[in-house]
Amino acid sequence: MTGTRFVLALLSLAAGCCAQRTWVVDVKNGAGADFVDFPAALSAARPGDTISLRVGTYRGGVVSKGVSIRPETLGQAVFFSTNLSIVGL
């Protein structure tokens with residue numbers, strides 16, 4: 001029984017290390033923002049993560065991993081001042 005508990009504890013730790021995360025990007029660096037720049041958030045994100053953009057204009061970048069990119073609120077204005085490219089997906 002002790003061995004089973006140990007294995008379950010290890011599995012729960014392993015599951016936590018790979019949890020998906022939502023990164024908040026806000027050019028105005030408002031409360032709860034993780035980044036002020038999209039490329040920095042893209043660099044930090046892992047496959048399966050979400051990058052949530054607040055209203056503003058951001059530099060583009062090259063998306064080459066499976067991340068979701070969305071506005072924080074539907075219908076809000078998010079712009080890219082340079083190209084946003086999606087490759088290899």
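**Exercise 1. How many salt bridges does a search of the whole structure find?**

Solution. This is a predicted model, in which local features need pLDDT of at least 70 and side-chain atom pairs count only at pLDDT 80 or more, while totals for chains, interfaces and linings use all residues. Residues are numbered from 1 along each chain as its sequence is written, and side-chain values use heavy atoms, with hydrogens and water left out.

Begin with the criterion: a salt bridge is a side-chain nitrogen of Lys or Arg within 4 Å of a carboxyl oxygen of Asp or Glu. Searching the whole structure in this way gives four salt bridges. One of them joins the side chains of arginine 21 and aspartate 34, at 3.4 Å from N to O. Arginine 21 lies in the loop between helix 1 (2–17) and strand 1, and aspartate 34 in the loop between strand 1 and helix 2, so this pair ties together parts that are 13 residues apart in sequence. Helices (H or I, at least four residues) and strands (E, at least two) are DSSP runs, numbered from the N terminus.

**Exercise 2. Are aspartate 26 and arginine 54 buried or exposed? Describe also the salt bridge between them.**

Solution. First recall the cut-offs: buried means under 20% relative accessible area, exposed over 50%, and partly exposed in between (1.4 Å probe, protein chains only). By this rule, both aspartate 26 and arginine 54 are buried. Next, their side chains meet in a salt bridge of 3.1 Å, N to O. Aspartate 26 lies in the loop between strand 1 and helix 2 and arginine 54 in the loop between strand 2 and strand 3 (56–58), so the pair ties together parts that are 28 residues apart in sequence. Finally, Asp26 and Arg54 belong to a network of salt bridges that also links Glu72.

**Exercise 3. Which residues is aspartate 37 in contact with, leaving aside its neighbours within four places in sequence?**

Solution. Contact means heavy atoms within 4.5 Å, and with those neighbours left aside, aspartate 37 is in contact with Val25 and Arg59. Now look at the side chains, where aspartate 37 and arginine 59 meet in a salt bridge of 2.4 Å, N to O. Aspartate 37 lies in the loop between strand 1 and helix 2 and arginine 59 in the loop between strand 3 and strand 4 (61–63), so the pair ties together parts that are 22 residues apart in sequence. Arginine 59 is partly exposed, with a relative accessible area of 45%.

**Exercise 4. Which strands pair with strand 2, and how are its faces covered?**

Solution. Two strands pair if DSSP finds at least two bridges between them. Strand 1 (residues 22–25) pairs with strand 2 in the parallel sense over four bridges, and threonine 22 has threonine 50 as its bridge partner in strand 2. From strand 1 the chain passes through helix 2 (residues 38–44) to strand 2 in a right-handed β-α-β crossover; right-handed here says that, with the strands pointing away from the viewer, the path from the first strand over the helix to the second runs clockwise. Strand 2 also pairs with strand 5 (residues 68–71), again in the parallel sense over four bridges, and serine 52 stands opposite arginine 70 in strand 5.

For the faces, remember that side chains in a regular strand alternate between the two faces of the sheet. In strand 2 (residues 50–53), Thr50 and Ser52 on one side and Ile51 and Leu53 on the other are all buried, which leaves both faces covered.
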